[in-house]
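Here are my notes on this model, point by point. Please keep the structure open while reading.

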Amino acid sequence: MKKIFALLAISMFAFVGCSDDDDNTPAPGSTVQEAYVDASAKKMWTYFSLKDNKVIGTGAEDAAADAEWAKRTDWDLAINRYMIRTNSGAATTVAAQGGVYTCGENVTFAGLTAVPAGAQFEADEEVTSQGMGGETTVVKSKATVIVFKKNPDGSLVMPPVYLKAPVYIFRTADGKSTFKVDFIQYKNEEGKSGYVKFQHAEIK
């Protein structure tokens with residue numbers, strides 16, 4: 001009897017060992033990946049590929065650098081401090097199909113398993129704002145790495161108080177894939193801002 005059990009065990013092991021590797025490959029969207037981006041430079045964008053989970057490169061915040069990155073489709077999102085750019089709208093000159101959908105405040109990263117029906121992905125726009133340094137115009141999305149806490153009158157709380165950003169769904173530059181993204185860190189261990197960590201996973 002012991003010999004029979006031993007033979008069965010060996011047979012089962014051999015079956016598992018010889019099975020097709022594709023059978024054990026996680027389904028798309030089941031793997032959560034983590035990324036870290038140094039976006040601390042005030043006038044520098046860091047471009048990132050969600051599909052490849054890696055930084056593609058960096059570009060200064062100026063017309064010449066923006067024009068060069070607008071010709072490319074190998075990046076899906078870019079980060080400059082707390083600002084986010086997607087490969088869409090005013091950020092592309094080659095009709096890239098990126099964009100972002102902002103989830104509701106009650107949506108969690110773990111609980112989000114599919115793109116909501118009717119979800120509209122917003123494209124990047126050229127935004128002009130007035131600050132301490134004067135008027136500035138930046139191409140960016142409505143997504144942000146963090147949210148600044150505001151007073152009841154709409155003004156920013158000073159010194160700045162950072163609140164967690166909502167969960168986002170980003171569409172890739174080719175328009176074929178969507179990734180849920182959760183920004184989980186904006187400061188490093190020394191308390192310096194612009195050191196961004198986020199998790200992401202493909203969903204459909």
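1. Is Arg81 buried or exposed? Arg81 is buried, at a relative accessible area of 18%; buried means under 20%, exposed over 50%, and partly exposed lies in between (1.4 Å probe, protein chains only). Its phi is positive, about 60°, although Arg81 is not a glycine. The residue sits in the loop between β4 and β5. Strands (E, at least two residues) are DSSP runs, numbered from the N terminus.

2. Some ground rules. This is a predicted model, in which local features need pLDDT of at least 70 and side-chain atom pairs count only at pLDDT 80 or more, while totals for chains, interfaces and linings use all residues. Residues are numbered from 1 along each chain as its sequence is written, and side-chain values use heavy atoms, with hydrogens and water left out.

3. Ala95 also deserves a look. Ala95 has a positive phi of about 60° and is not a glycine. Ala95 lies in the loop between β5 and β6 (99–102). Ala95 is exposed, with a relative accessible area of 56%.

4. Next, the open sheet. Its 4 strands run in the order β3-β2-β4-β5, with antiparallel pairing; two strands pair if DSSP finds at least two bridges between them. β3 (54–60) and β5 (83–86) are the edge strands, each pairing on one side only. Strand β4 (residues 77–80) is joined to β5 by 4 bridges. Leu77 has Thr86 as its bridge partner in β5.

5. Strand β13 (residues 193–203) is mostly covered, with 10 of its 11 residues buried. β13 pairs antiparallel with β1 (residues 33–38) over 6 bridges, and Tyr36 stands opposite Lys197. β13 also pairs antiparallel with β12 (residues 178–187), over 8 bridges. There, Thr178 faces Ile203. The hairpin of β12 and β13 has 5 residues between the strands, and Gly191 takes a positive phi near 85°.

6. Check the peptide bond from Met158 to Pro159. This bond is cis, with omega near -5°. Pro159 is in the loop between β9 and β10 (162–164).

7. Last, the largest pocket: its volume is about 1200 Å³. Of its 35 lining residues, the closest to the centre are Tyr82, Met83, Ser129, Lys140 and Phe148. β7 (125–131), β8 (134–140) and β9 (146–148) each supply at least two residues of the lining. On a 1 Å grid over the protein atoms alone, a pocket is an open set of points where a 1.4 Å probe fits, with protein on both sides within 12 Å along at least five of seven lines; lining residues have an atom within 4 Å of a point.

Definitions and conventions:
Points joined across faces, edges and corners; volume = space filled by probe spheres on them.
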